[in-house]
Amino acid sequence: MSEQSFLTKMLTETALTRRSFLKWSAALGGTAALAGGVRAGLKAVEKASAASEGEWITAACWHNCGGRCLLKAHVVDGVVTRIKSDDFSEENDNMTQLKACTRGHAKRQQIFGADRLKYPMKRKNWEPGGGKKELRGKDEWVRISWDEALDIVASETKRIKETYGNKAILSPVGNGALNLSAWPVGRMLSLYGGFTAIWGTTSWGALPLPGNRMQGVDVGGVHDRMSVRQSKLIVLWGANPVWSSAGNPTYHYMIAKKAGAKFIVVDPFYTPTAATLADQWIPCRPSTDAALLIGMAYHMITNGLQDQEFLDKYTVGFDADHMPEGADPKENFKDYVLGTFDGIPKTPEWASEICGTPADLIRSFAEEVSITKPTAFITGYAPARTNRGEQFIQAFYTVGWMTGNVGEPGAMVGVSCKERAGDTGPLAPALVYAGDPGVPAVENPICNYGFPGPPASATDWHGFVWNEAWEAVVTGEFTASVRGKQPCDIRMIWNIGDMSSLNQLPNVNQGIEAFRKVEFVVSADSYLTTPCKYADVVLPVTTMWERWGGIMNSNTYHSSRRDIFIYHRQITEPLFEAKDDIWIEAEIGKRLGLDPKVIDPVPYKQMVFNMLAGAQVVKEDGLEFENLLTITADDIARLGVDGTPQQGRITYKELEEKGLYQVPRKPGDKLGLIYFEDFRKDPVANPLNTKTGKLQIHSQSLADDVTDYGWTKLPPIPQYIPPPEGVEATRDGEFPLQLYSIHYMRRSHSTYDSVPWLREAFPQELFMNNLDAEARGLKTGDMVLITSPHGKALRPVFVTPRIMPGVVTMGEGAWVERDDETGIDKAGATNSLNGTNPCGQGVQPWNTNIAQVTRWEGQPLLPDAQWPQRVVFGKDA
Amino acid sequence: MNTREWALVVFTILTQMSVGAFLVLGVVHFFVSRKAGIEEADHMSDRALVAVIITLGLGMLASLLHLGNPMNAPKAILNIASSWLSREILLGVIFAVIAVVFVAMQWFKIGTSSLRNVIAWIAAIVGIALVYSQAEIYMLVTQPSWNTFATPISFFTTTLLLGVLAIGAALVTNYVIYQSRNPESVEIQYDLLRGTIRWIAIASVILLGIELIVLPVYLALLSTGGAAALASLGMIAGKYNLVFILRILLGFTGAGALTIFIFRNASIVNKKRFVTLHAFIAFGLVLIAEVLGRFIFYATQFKIGV
Amino acid sequence: MAKQLAFYIDTSACTACKACQIACKDKNSLPVGLLWRRVYQYQGGDWMPHPNQPNIKSPVSMFAYSVSISCMHCQNPLCVTNCPTGAMHKRDDGVVLINADLCIGCRYCEWSCPYSAPQYNAELEVMTKCDFCQDLLAKGEPPACVAACPTRALNYGELEELQKQHGGLAAIEPLPVSNITNPSVVITPHKNAQPSGRGTGHVANLPEEI
């Protein structure tokens, strides 16, 4: 049996029962399994793995988790028998193995899942122009040929462009779990005249603009892991790397703990990170972090704990004597904190009422961060993904700078989470990076902005901020910063390009309304994700395991460390009729009269080769770079690509075999990174990229720009202003709980949510404090109805003292299962509960929501792991 | 509780009932032969013996339902060196074989009566060992709700209680269907029956009394036996409290029906119908009570550890 | 003492990420419902009004930690003692294994084991359990769970060696006291670990997780 037909057979035989699941599992171990029945099957697994050595091939694990870990697939006679992560090399604290996380280890069940999309298909009642649009999401599917599918997509795209113009096409993609980081999403549509895009800060929340104006770097400030290890105190503010940056970052922090660092974790939830690392937990309600910080500042100022010398020399805006030019001296931070002009001293007690943290704890925490040097004052993105999140960032930097921990080994204030958590931040320069794939860029003439968004003053765009997208489709109006409200008319939603938009943008209920309003919806994915479920035409896409190979390097923003380079290879032929998205775009473009050579100018394999050949690695001096790879004429001939032989640090063969290159690191080498080191040494000679060249506690341009975006007015200094749907809103009664959304171990955003092994391990529970549960007569495992002003969801409750009273949380990204009649989402997607509330610089305030939780008296749900998967066509389709 | 655990309830109740019935029948036969001769004793008990064998067979069939892989069942005696479960299965098989041999010899009157007696004695001893091994199975250090003195006591009281009452019912049936149509011995048989039933009633009341004393002591033990034992107790007092109360009520009612019989036996006019009715009511009520008791035994187990 | 392989669990480093559990399921192709390795979350504590601020609540004695276990390959394995067929047996290196050809699926081992290590596979109709990845051991490789652990909280080795390195602790809550079966395990306790049988917390997992 050939590899493809075997895999195909294996998949088609996978129905929903456990018996057949076992058959499938057994089949993965050896081809004898299917013939011999289940019992013989398992024995066959043992025999196969004992008999044949097989090969470990480096496999892609490419999702939007921030981790880039080494994953190897064990392939025996064309069948993947198991997954292993990095235990191939000796390791020490400087050269750690790149262990994959829980999710990576479930990859085999994900890639070969029974719920893989197998064929192109259309909605039964679809007709050109729509056809019973209200049936989107519940219509039957009809299998169609690729030709028919591509013809439908091309003709509808053409009709809509010609009737309404390119602006009528909304493509809410571009920030997802990129299948191929070298490929610009929306390339074909851009060449066809462009499309209405979505933009926003997404994960980064309110970080970029305050970072840019206050310290001259959007996101940064945290040194590399060698330097983090020198900290005596590490504060992790709203960061839970165990779940959100699973894989290696937690281990880096553990090395720092072993080196003697004390950890303080600030979070509404005593997270797994806190349980593992924290010496102390500071509970703080969601969206109130600014109040906590300002309360700390009060204690520091009134006790002279701040590093005044540092503030005077390196910052502006702290007190009336050190204001930026043109600013009102009364608008200084110190006087705001003391209440000099507004008559409200921002005492720890004042803060405590807002953030729920006991005042004495605020005081002792303030003392500890002020006295301990060097301290790493580190935040994740989460507290910034709030309504009025800018005020948190302003306060965080300000209080951090008040401790003087800037620009010295072990002393830092900044953002470090997700990619490179505990080891610099997302924008830190890499020590090894891939070359250019060689595909010339194409601009989207309608909206060439995506992440984090257009400048406040720009007017050259027609696009929607993420959390206003569905509202814009439904109401025909969108917010266009300085231009105010602008009209729009969306007739088509184009979901080709790898993002589960309908699932991952706030307010799913409005999203479904939007999907059912437009004339045509096309979606492409490897699974029947939520936007596929509500589409007219669905196209099956290959996973990275089915493509020629690729690179997960550290020059893209999704990379776990700045000193690693992963080269993954093809593991299996494409499953069923799945095609890669470049082919799909080129085929549609061809039908629209575009030249396929312009859409897809460089063959995929050549793109990967270009990235390999151009890969650069830093030399020992930390300044110069050299080729990573020695490539021979033989290599080029064997790969069948165009290229010239070159000299580099390691051979292509070695990289192909190991899949991983790590830049050698040791403490004291010249490859470390200390943010603002030069500035600290001489602020005059090395000014920052800010208006004054100093750290700006006061920034008028920040305030002005945020205001220009059109949603929120922001003061130029940190202040606490209650956000809508914040803790203050819970005091009215109807929605007495704060709800926020966490990254959850079961998934990377929405990716992996359908994998049964992961569903079993992480049941998508609602975390609730024991006092709140007692008041409702709830115990762990009870079914609860979660109601917010925007939607309803059903989930089992997990009762725990680990979360603050009055606060509930749930993992984001569950695949929406909404009942049209009741509006209840039984999957518990947080976006079914979250409102839109656009704010700040185009921020999605996922962590600022309110809710009520009541006992569910209806039919209880089966555990998610026992739900049927979204399998459209089985064996005989 | 699932099918598998119900299979265990049926298996243990039926095997214990048949062991008990076999023992009781031996005692009855012994006294009746002394009083009225072996022939009358055989008339009275031979059919009941066959019923015992049928009950035992059904019980052993039920045990197979509890296995995931019954085809492998014969291998279950491989570990008699350390496993009480192996020992139980071996003893069950030996008991069944000897009992069948004995019943066949008794039915067809093969061999001398003393030879048959010897075989019956061997079967009786194996039967007692079988019930003991069943109790030992549950004396697991990891199962505090089972690992108490109450398990062997209740297994043996079940054995004897259901044994005597089943025999009472069997003798009555035998009398009503067969012996009452035999004019030669109808009066002798009735007298024998009445006397036997009286002793059966007394024995039952005593056994039920033992059960009702053991129960509160058992509950008290659970209350001091650690977290797992408390969890079991919680299930008895909570989820299964109605079953538990019903089990006690039925036990009392069964005992009550018998007590009334014992005291009013002599003065009743239509004795036959009354004896028959009471023998069946008592057996039925107590059988249900014992099944419920055994159900609770399995349903409220709670293992220590994780 | 005879050769005895054992697992090492550093509960101070365990994040409850369950990579071990998934690696086990992948290595052994286990269906949903069978968890040869699983992670118990143990937690406790409460929230009380703060003494100085009655309207602010603060956590009291709040703690949480997790314990990842599979089969403990006990030195006194009750499953082996009680198995009627001898399907459950202990190998020379101390690994406890099931011979599926002998198993009758009576589940007596399940009742006997205080760690829920033997688990019934309803499809195969036999008991199954952790075999210490015997095929990998034979090749000199670590068990899949050990190899997978992102925080290096799991390890394995000779029991005596592990005890020399890490001490003799073989039980913390929520595991049972160790004198029932003498588990072949060495535990480094989390800073909040509580002694077996005397804990103030509870197992927090939802039923389907364990």
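View 1. No contact joins chain A and chain B, a contact being two residues whose C-beta atoms, placed from the backbone, lie within 7 Å. The closest C-alpha atoms of chain A and chain B lie 12 Å apart. Two pairs of chains are in contact, and chains A and C share the most contacts. Residues are numbered from 1 along each chain as its sequence is written, chains are lettered from A and ligands numbered from 1 in the order in which they are written. The model is predicted, so local features need pLDDT of at least 70 and side-chain atom pairs count only at pLDDT 80 or more, while totals for chains, interfaces and linings use all residues.

**View 2. Chain A meets chain C.** This contact takes 64 residues from chain A and 42 residues from chain C. On the side of chain A that touches chain C, helix α2 (residues 18–29) of chain A gives the largest share, eight residues. Helices (H or I, at least four residues) and strands (E, at least two) are DSSP runs, numbered from the N terminus. The side of chain A that touches chain C has 33 nonpolar, 18 polar and 13 charged residues. Ala, Val, Leu, Ile, Met, Phe, Trp, Tyr, Cys and Pro count as nonpolar, Asp, Glu, Lys and Arg as charged, and the others, Gly among them, as polar.

**View 3. Chain C meets chain B.** Here 28 residues come from chain C and 23 residues from chain B. On the side of chain C that touches chain B, α2 (78–82) and α3 (108–112) of chain C each supply at least two residues. That side of chain C has 20 nonpolar, seven polar and one charged residue.

View 4. Where pLDDT is low, the predicted coordinates should not be read in detail. Chain A as a whole averages a pLDDT of 91.

**View 5. An open sheet in chain A.** Three strands of chain A lie in the order β14-β23-β24, with antiparallel pairing. β14 (432–433) and β24 (625–627) of chain A stand at the edges with a single partner strand each, so one side of each has no neighbour in the sheet. Strands pair if DSSP finds at least two bridges between them; β23 (residues 616–618) of chain A and β24(A) pair over three bridges. V618(A) stands opposite F625(A) in β24(A).

Note on methods: pLDDT = per-residue confidence, 0-100.
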